[in-house]
Structures are given as C-alpha cells and as structure tokens.
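I opened a new notebook page for this structure. My plan is to look things up one element at a time and write down what I find.

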Amino acid sequence: MTTSTDSRTAAQPPSALSLREVSASYGGRTVLDGVSVEIPAATLCAVVGPNGAGKSTMVKAALGLVPSVRGHVELLGEPLRRVRRRVAYVPQQDSVAQDFPITAIQVVEMGRYPHRGWLRRLTRHDDELVAAAMDQVGVADLAEHPIDELSGGQRQRVFLARALAQGADLVILDEPFTAVDARTESALLEVLTTLCQNGRSVIAVHHDLRAVLDRFDHAVLLAGTVLAEGAPGDVLTPEHLERAYGMTPLVLNR
Amino acid sequence: MSPDDVMIVVISGLLATSCALLGSFLVLRRQALLPDAVSHAVLPGIVLIFLLTGERASLATVLGATAFGVACVAGFDWLRRTGVVASDAALALVFPALFSLGILLISRFASGAHIDLDSAIFGDVTFAPLRTIELAGLDVPRSLVITGAATLGTVLLVVLLWRPLKASTFDPDFAELGGLRGKLVSQVLLVAVAGLAVVAFDSVGAILVITFFVVPAATARLLVRRVGTMLVAAVAVGWVSAFGGQRAAVTFDTSIPGTIGLTAGALFLLALLFAPRKGLLTKRLAARPQPRPR
C-alpha cells in the first residue's frame with residue numbers, strides 16, 4: 001500500500017468510523033452530545049475519557065445498539081446495514097451471559113454466523129477460519145473448555161478470536177483489557193496491531209493512557225463530547241487531560 | 001401400569017419436553033419467573049370471555065387467556081427495554097396489574113358467577129385421560145392432542161431459531177449486530193412461552209407447568225458444558241420426573257401433579273449436591289486437601 005494507484009488502496013474507505021453530530025441519551029440523561037469523529041481506516045484507535053464520558057455509548061451508538069440516537073453514522077464509508085458482516089464487536093464482559101453453557105470453540109464459531117445466517121451449515125472453510133483464529137490468539141488448546149471455567153484473559157482471547165474468525169474489516173472492542181493480565185494485554189495488542197498492518201481497522205475503548213501513547217495510532221478523548229482527536233501524543237496533552245479528568249493523570253508525568 | 005397411567009406419563013412427558021426446551025432459554029436469560037407471571041396475568045382474559053359469551057372453560061377462554069398472557073410478556077418486554085426499570089421489576093409491575101384488573105372485572109361485573117383460575121383454565125393431569133375428543137374416529141384425550149401439537153411446534157421453533165436463540169441469549173449485542181435478529185427472536189420466545197404456558201395450564205395445571213419450565217432446565221444446567229446438551233438433559237429430567245412422579249403417586253396414593261413436581265425438585269437437589277463439576281458436595285470433596293503420604 002505504497003502507491004495511490006494500487007487498487008486495494010483506491011478501494012479503501014475514507015475512514016473506519018465517521019460520526020457527525022451524534023447524540024444519545026439513556027433513560028432521559030444525555031450521554032453523548034453532538035459527537036463528531038473521523039477515525040481513519042487501517043489504524044489502531046483508542047477511545048479514552050473519564051468514567052461516564054460516554055465511551056461505551058459512543059461505540060454502541062455507532063453499532064446501532066443504543067435505542068435513541070440522533071446524528072449521522074458511517075462505518076467503512078457505508079451505513080451500518082450494508083456492512084454488518086464486515087464489522088465485529090467485542091462487548092464488555094459483563095454484557096455477556098456469564099453462566100451460559102458454551103465451549104470456547106463454540107464462541108469462536110459464532111463469528112461465522114453473520115455469514116451463514118440462521119440455518120446454513122458451517123463449511124470446512126469456516127472450520128479452518130475458526131481454527132486459525134484460535135491459533136492466532138493462543139487458545140487452540142482451550143477449544144473444548146467451557147467458557148465459565150476460563151480466566152478473564154483467556155475469555156478475552158476467545159472473544160477476540162471470534163472477531164478474527166468473522167474476518168471483519170473493522171473490529172470494535174469495549175474495554176477489552178479489564179480483568180486481563182499484562183501479558184495477555186500485550187499479546188492481544190500485538191494481534192490488533194498486526195490486523196491494522198493488514199489494512200483492517202481497530203477501535204478500542206481503553207483506560208490505560210500510557211498504553212495508548214505507546215501503542216495506538218489514533219486517539220479520541222471523550223467527555224460527553226469530543227475534547228480532542230488525532231495522534232495520541234497530540235490528544236493526551238496535559239491541557240486536554242486537565243479538561244477531561246479535572247486533573248493530569250500521574251502516569252503521564254514521569 | 002394401566003392405560004390411563006401411561007397416558008398421564010405421556011402427556012406430562014410431552015409437556016415437560018416443550019417446557020424444558022423453552023424454559024432452558026428462560027433460565028439462561030434470568031427470566032425464569034415469566035411462566036408464573038403469565039399464570040396470573042391471564043385472569044382478565046378469562047373474565048372478559050365469560051362476560052362476552054357466558055362460557056368459563058371453552059376454547060374461547062383459552063384464546064382470551066392467551067391474549068392476556070401475550071399482553072403480559074409484551075408489556076414486560078417494553079418496560080424492560082425503556083431501561084428505566086430493571087428487568088425483574090418490569091415483570092413484577094406488569095402481572096399484578098393484569099391480575100388486579102381481572103379481580104376488578106369479577107367484582108364489578110361477575111360477582112355472582114363463580115370464576116377463578118382453577119375452575120376456568122387450570123386443569124389437572126390426573127383427569128386428563130378422561131377428557132376426550134374424537135379424532136379420526138378414535139376417542140383421544142384432548143390434552144394428548146394439545147400437548148402433542150405444542151411439543152411439535154416447540155421443537156420446530158427451537159430447531160429453526162437455534163442459532164439466533166443461542167447467540168442472543170449468550171451475547172445479545174453480538175446477535176443484533178451480526179444480523180441474526182436477536183431482538184425479534186427474543187420477542188418470539190416470549191410469545192411462545194406465553195402461548196405454551198396457557199395451553200399447558202389447561203392440560204396439567206399451573207404449578208406443574210411452572211415446574212416444567214424451570215426445574216428440569218436448572219437441573220440440566222448443573223450437568224452440562226454445552227447448551228445443546230443442556231436442552232437434551234432438561235427434556236430427559238422432565239421425562240424422568242413425569243414417570244417417577246406418576247409411579248410414586250400411585251404407590252403412595254398422593255396427588256399426581258404434586259408428586260411429579262416434587263420428583264423434579266428431588267432430581268434438582270441431587271444435581272445440586274452431586275453434579276460432576278458444579279455439585280456442592282463434589283466441589284467440597286475436590287477441594288479437601290489430600291492426606292499426606294506416609
């Protein structure tokens with residue numbers, strides 16, 4: 001992807017996620033107020049901000065998972081209904097039924113459901129994609145384990161494998177690194193970085209500002225509305241953080 | 001076993017099958033009290049049909065009851081989705097309101113008639129073999145026809161909606177985003193539960209229906225690793241309860257539905273204590289420190 005005449009580059013959508021004046025409310029409370037972002041394709045993007053800033057609501061609104069949303073949303077340059085199969089979502093762990101009886105491989109197989117619908121059988125090709133995805137995140141040996149017997153880190157790997165098996169061009173993750181050990185976080189970030197190098201786009205809601213500075217390409221700083229967007233070094237400045245958090249998080253001052 | 005005994009086991013087993021299939025999803029969705037709520041919410045439907053037709057236990061009564069059963073789950077689902085009240089509170093708000101409406105209708109317009117849930121739509125499986133209808137020249141128990149059809153319908157529904165039911169129970173946002181129509185399928189599940197509950201009340205009574213929806217599914221959950229196995233195990237627990245309960249009731253001369261319900265409860269208790277991975281005693285034994293070798 002070095003020349004602009006390359007057909008794949010030419011076919012690339014202008015941005016992974018484009019929000020224009022998006023507002024959303026939960027139970028009468030306005031959580032997002034006129035949010036506009038333009039997240040470029042093939043980047044690893046972090047959505048950061050204090051608790052209650054509307055980070056989860058922003059990604060859910062983009063995915064049509066919040067009931068009352070106003071404004072204009074485009075994913076991969078298209079409206080959501082035209083790109084459902086090309087967008088994968090890794091939800092917060094507490095929105096998943098914790099005691100559902102299901103094995104790791106069954107979770108990853110769900111990644112093929114958007115392509116196969118209600119009734120069509122999974123093909124050998126699907127099985128290969130599932131196996132490759134589990135291999136890539138290092139959970140191949142956990143395939144037959146029930147999900148409720150896995151650690152937080154192992155579960156998160158399995159859910160990322162589901163997104164990989166889906167073969168999505170845009171992967172959106174909501175707080176993927178809570179209840180995850182440092183080694184797993186680093187390994188998962190490695191996988192996400194590789195995805196971006198292959199032209200896929202990744203958007204993750206994240207808390208660890210240090211990691212965003214070190215490993216992400218793009219950042220959105222949110223506090224009900226967008227305070228800053230761009231390269232992490234330009235977004236996570238002391239002035240911006242002061243406005244978002246009311247203080248400068250210590251981690252950036254060392 | 002007399003032919004009537006066999007018939008009671010078969011009717012109960014069929015009903016246990018359909019209830020366990022839908023009930024497994026209710027248990028996993030933390031909506032296990034839904035059939036109980038429906039059993040109360042149907043009252044205004046029964047009263048309205050009585051006021052319109054003078055009938056208390058007709059097909060119209062079942063239809064009226066079903067309408068209010070569906071109204072109950074629809075109201076619950078709507079209130080839950082507003083996000084203003086929690087899911088359990090939503091259910092607890094809707095069904096007492098409908099039940100109260102039924103009481104009000106009786107006291108205002110039908111105080112002279114003896115109408116209550118027991119006399120109208122709550123049957124008793126003990127007498128199910130005696131209530132027959134003619135089908136292709138044969139006298140067949142009405143409940144056998146109804147529960148057979150309900151079971152067939154439920155199996156078809158679960159097979160057809162297997163993926164979206166599974167995905168939307170496990171991870172609702174994924175099911176919705178992935179185009180599996182999770183919300184729609186959840187609504188279909190609620191309506192199916194309301195419909196099945198009402199026809200089942202008519203055949204075997206409310207307590208047994210609520211038992212069949214919840215207890216075999218909760219028992220099965222303790223025994224399995226996969227949701228498909230859970231459904232099969234729940235159906236099996238239902239049949240064992242029906243057979244064991246009917247036999248015990250005959251032996252000890254006790255209430256058949258009561259004994260079937262108690263058998264299901266006993267099976268749950270066994271699983272709770274001795275299930276391979278999740279049993280309370282199993283876990284305690286596994287956690288006990290091994291004696292040091294001498």
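Which residues of helix 2 of chain A are buried? I looked them up: A:Lys55, A:Thr57, A:Met58, A:Val59, A:Lys60, A:Ala61 and A:Ala62. I keep in mind that this is a predicted model.

**Helix 2, chain A.** I noted that the helix runs over residues 55-62. Seven of its eight residues are buried, so I call helix 2 mostly covered. My criterion for a buried residue is 20 or more other C-beta atoms within 10 Å of its own C-beta. I then checked what follows the helix. Just after helix 2, A:Gly64 has a positive phi of about 70°.

**Sheet, chain A.** I went on to the strands. Three of them make an open sheet in the order 2-1-4, with antiparallel pairing. Strand 2 (29-40) and strand 4 (69-75) are the edge strands, each pairing on one side only. On average, neighbouring strands in this sheet are turned by 10° against each other, direction ignored. I looked at one pairing in detail. Strand 1 (residues 15-26) and strand 2 of chain A are joined in the antiparallel sense over eight bridges. Here I found A:Ala24 opposite A:Leu32 of strand 2.

**Contact between the chains.** How many residues does each chain put into the contact? I read 21 from chain A and 23 from chain B. On the chain A side, strand 5 (87-90) and helix 4 (113-116) each supply at least two residues. I also sorted the residues of that side by type: 16 are nonpolar, four polar and one charged.

**Chain B, overall.** I listed 14 helices and two strands in chain B. Its C-alpha trace spans about 80 × 55 × 35 Å along the principal axes. I count 51% of the 294 residues of chain B as buried. Of the chain B contacts with a separation of 6 or more, 69% join residues 24 or more positions apart.

**Chain B, record against model.** Residues 6-28 are 100% helix and 0% strand, with end C-alpha atoms 32 Å apart. Residues 256-275 are 95% helix and 0% strand, and their end C-alpha atoms lie 27 Å apart.

How values were computed:
Residues are numbered from 1 along each chain as its sequence is written. Chains are lettered from A and ligands numbered from 1 in the order in which they are written. This is a predicted model: local features need pLDDT of at least 70, side-chain atom pairs count only at pLDDT 80 or more; totals for chains, interfaces and linings use all residues. Two strands pair if DSSP finds at least two bridges between them. Helices (H or I, at least four residues) and strands (E, at least two) are DSSP runs, numbered from the N terminus. Axes are lines fitted to C-alpha atoms, for helices over the stretch in contact, and angles run from 0 to 180 degrees between N-to-C directions. A residue is buried if 20 or more other C-beta atoms lie within 10 Å of its own, exposed if 12 or fewer, and partly exposed in between; C-beta atoms are placed from the backbone. Two residues are in contact if their C-beta atoms, placed from the backbone, lie within 7 Å. Ala, Val, Leu, Ile, Met, Phe, Trp, Tyr, Cys and Pro count as nonpolar, Asp, Glu, Lys and Arg as charged, and the others, Gly among them, as polar.
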